[in-house]
Amino acid sequence: MPRPRAVVTGGAGFLGSHLCERLIREGYSVLCLDDLSTGSPRNVEHLAEIGPFRFVRADVTDFVHVVGDVDVVLHFASPASPIDYLRMPIETLKVGSIGTLHTLGLAKEKKARYLLASTSEAYGDPQVHPQPESYWGHVNPVGPRGVYDEAKRFAEAMTMAYRRSQAVDTAIVRIFNTHGPRMRPDDGRAVPTFIRQALAGEPLTVAGDGRQTRSIQYVDDLVEGCVRLLHSPLAGPVNIGNPHEVSIEDLARGILDLVGVPGTLRFVPRPEDDPTVRRPDITLARRELGWEPAVGLGEGLRRTIEWLRAGPERSVAPRAI
Ligand code: NAD
Ligand code: UDP
């Protein structure tokens with residue numbers, strides 16, 4: 001029997017590269033489409049040794065054309081870190097809108113199952129806590145973060161339209177903050193920033209009073225949740241996140257403890273529209289996918305610290321191939 005084939009957009013990024021690896025190990029042949037705007041070929045250079053893997057440098061906001069059968073399409077291409085999407089606002093809106101249109105078109109043509117990487121940012125600065133999938137969210141469309149949040153909300157609407165009117169077999173995962181190996185140490189997100197600062201003996205830059213919360217999961221749990229959703233008949237959206245909620249100040253202090261340095265905190269201005277709280281209600285994932293996180297916060301952070309401690313040559317910024 002021929003191998004099933006997966007197309008993963010954004011496959012050279014942090015999450016996409018882990019998904020490519022998991023799919024190859026499950027017996028898929030994987031085609032990764034990535035424009036390397038925030039990803040790196042180093043994230044995927046080991047994959048061809050594991051199984052059938054092909055990387056094509058492509059911007060999915062251009063026309064997406066794939067020769068041959070495709071069984072699953074995973075659309076993970078998008079800047080994801082606030083500093084990336086604030087630096088690339090139009091690109092972010094384009095990949096969430098036109099990129100989603102093109103990849104849904106690909107799934108329709110190939111009769112493939114489609115998985116959209118959406119985000120907890122679809123809930124904005126939530127007024128319901130924790131957030132169930134039924135909550136419609138509280139997003140400022142004209143604030144600086146609107147380019148990301150609204151791109152993903154549009155992507156969700158487009159995905160549901162293709163499901164309803166074009167019979168594409170779609171699924172939406174709402175991903176909550178995730179960390180792990182292959183995050184760029186300079187990507188500006190709290191976990192890699194705090195670890196990089198702690199390892200360098202610099203003060204940890206805590207935004208605002210540090211009382212805002214996030215619920216942070218380890219990448220292996222996210223990949224497991226995505227694969228279970230992909231192999232299920234569910235349309236979603238389905239929250240995949242670790243309900244263990246922590247304040248940003250406690251996160252920073254916890255990272256100092258785990259790195260094993262005394263360290264200090266430096267309180268810096270809070271970004272505009274920075275959500276105050278965030279915690280997933282994972283009742284749906286538990287019930288329908290039998291999924292729940294397996295890696296605790298401390299254990300996950302230990303693994304990410306070890307990876308970042310191993311050196312910048314393993315976690316470089318994008319380069320051309
Ligand atoms: P990342 O920046 O590491 O990866 C994104 C990848 O998409 C990069 O390799 C980048 O080069 C590629 N890309 C961007 N625009 C593209 C385009 N137009 N065409 C082709 N490739 C393009 O980010 P990540 O953290 O791995 O996030 C992956 C996906 O998961 C994103 O869609 C993001 O919105 C979503 N997500 C991530 C998190 C998280 O905590 N990491 C949380 C919620 C949602
Ligand atoms: N944050 C911080 N210091 C940093 C980077 C981020 O205090 O150096 C804060 C940020 O303001 C937010 C939280 O940490 O309140 C999580 O930020 P991140 O960018 O990781 O994720 P997101 O805001 O997208 O959930």
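Predicted model: local features only at pLDDT ≥ 70, side-chain atom pairs only at ≥ 80, totals over all residues.
## Helices α3 and α4

Let's start with a pair of helices. Two packed helices are described by the angle between their axes and the distance between the axes. Helix α3 covers residues 89-110 and helix α4 covers residues 146-166; their axes come within 8 Å and cross at roughly 15 degrees. Angles under 35 degrees count as roughly parallel, so α3 is roughly parallel to α4. The crossing of α3 past α4 is right-handed.

Which residues of α3 and α4 meet? On the α3 side they include Leu93, Gly96, Thr100 and Leu104, and on the α4 side they include Ala151, Phe154, Ala155 and Met158. The residues of this contact comprise 11 nonpolar, six polar and two charged.

## Helices α1 and α6

Now try a second pair. Helix α1 (residues 14-25) packs against helix α6 (residues 219-230) at an angle of about 60 degrees, and their axes are 10 Å apart. The two helices are therefore oblique to each other. Their crossing is right-handed.

From α1, the contact uses Leu15, His18, Leu19 and Arg22, while α6 brings Val219, Leu222, Val223, Cys226 and Val227. Sorted by class, there are seven nonpolar residues, one polar and one charged.

## Around ligand 2

Finally, look at ligand 2, which is surrounded by 14 residues. The closest are Arg189, Ala190, Thr193, Thr205 and Ala207. Which element supplies the largest share of the shell? That is β8, with three residues.

How values were computed. Residues numbered from 1 in each chain as written. Chains lettered and ligands numbered in written order. Near = placed C-beta within 6 Å. Helix = DSSP H or I, 4+ residues; strand = E, 2+ residues; numbered from the N terminus. Axes fitted to C-alpha atoms, helices over the stretch in contact; angles between N-to-C directions. Parallel < 35°, antiparallel > 145°, perpendicular 65-115°, else oblique. Left-handed = near helix turned anticlockwise from the far one by under 90°. Contact = placed C-beta atoms within 7 Å. Nonpolar A, V, L, I, M, F, W, Y, C, P; charged D, E, K, R; others polar.
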